[in-house]
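Please read this report alongside the sequence and the coordinates, taking each section in turn.

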Amino acid sequence: MNSKIVFLTNSFYKDHPNPPFKEMEQKQNRPYIVFLVEIEGHTWALPFRSHIRHGHAFFTDAENKCGIDYSKAVDVDKPEYIDQQVRPHLRQNEYEALRGNEFAVQKGFEKYIKLYKRAVRSGHPRYQSLIKYSTLQNYDL
């Protein structure tokens, strides 16, 4: 599992500035730890976040609203976007919650992609915030 928990490189953020890449999470001094999943030939980086205020996530610490946020996923299509030098460290409780549930994270993200696509197709106002705050709007899905 450790090879799936990584940081993204500065090269990724340089090539994907916000704007024009909407809703992408970026911290200058403390980068997000991400969990990598492969879906339909794409490698997606799903960030670990705190204070998640929606249900589109795999919660590793539900009480503190910490987990893997599907709504802020980014496509990391080049190997140089994945930092192979620095090994991130998760809080022990979050690591324990994730261990053995990697498949559930992937399936949860696949479900989120389907929901996002359905929301875009429907155009219904109830999906407005889901679309507006999702990084998937940056990709042709």
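## Strand pairing

Valine 6 has valine 34 as its bridge partner in strand 2. This contact belongs to a model that is predicted, in which strand 1 (residues 5-6) and strand 2 run antiparallel and are joined by two bridges. Valine 34 also stands opposite proline 47, a residue of strand 3.

Strand 2 pairs with strand 3 (residues 42-49) in the antiparallel sense as well, here over six bridges. The hairpin that these two strands form has two residues between the strands, and glutamate 40 takes a positive phi near 50 degrees there. Because five of the six residues of strand 2 (residues 34-39) are buried, this strand is largely enclosed by the rest of the structure.

## Aromatic contacts

How many aromatic pairs does the structure hold? There are seven aromatic pairs, and one of them joins tyrosine 70 to phenylalanine 109 in a tilted arrangement, with 5.9 Å from centre to centre and 45 degrees between the planes. Since tyrosine 70 lies in the loop between strand 5 (66-69) and strand 6 (74-75), while phenylalanine 109 lies in helix 3 (residues 102-122), the pair ties together parts that are 39 residues apart in sequence. Tyrosine 70 counts as buried because its relative accessibility is 6%, and phenylalanine 109 counts as buried at 0%.

Phenylalanine 109 also pairs with tyrosine 112: the ring centres are 6.5 Å apart and the planes stand at 20 degrees, so this pair is stacked. These two residues are separated by about one helical turn, because they are three residues apart in helix 3, and tyrosine 112 is buried, as is phenylalanine 109. Ring pairs link Trp44, Tyr70, Phe109, Tyr112 and Tyr139 into a cluster.

## A loop residue

Valine 86 is found in the loop between strand 6 and helix 2 (92-98), and with a relative accessible area of 43% valine 86 is partly exposed. Although valine 86 and lysine 111 are 25 residues apart in sequence, their C-alpha atoms are 30 Å apart in space.

## The largest pocket

Rolling a probe the size of a water molecule over the atoms shows where empty space is left. The largest pocket has a volume of about 330 Å³, and of the 13 residues that line it, Arg30, Phe48, Arg49, Ser50 and Arg91 are the closest to its centre. By residue class, the lining of the largest pocket divides into six nonpolar, two polar and five charged residues.

Definitions and conventions:
Residues numbered from 1 in each chain as written. Predicted model: local features only at pLDDT ≥ 70, side-chain atom pairs only at ≥ 80, totals over all residues. Heavy atoms only, no water. 1 Å grid on protein atoms, 1.4 Å probe; cavity = no way out; pocket = protein on both sides within 12 Å on 5 of 7 lines; lining within 4 Å. Points joined across faces, edges and corners; volume = space filled by probe spheres on them. Nonpolar A, V, L, I, M, F, W, Y, C, P; charged D, E, K, R; others polar. Phe/Tyr/Trp six-rings, centres within 6.5 Å; stacked < 30°, edge-to-face > 60°. Helix = DSSP H or I, 4+ residues; strand = E, 2+ residues; numbered from the N terminus. Buried < 20%, exposed > 50% of the residue type's maximum accessible area, 1.4 Å probe, protein only. Pairing = 2+ DSSP bridges.
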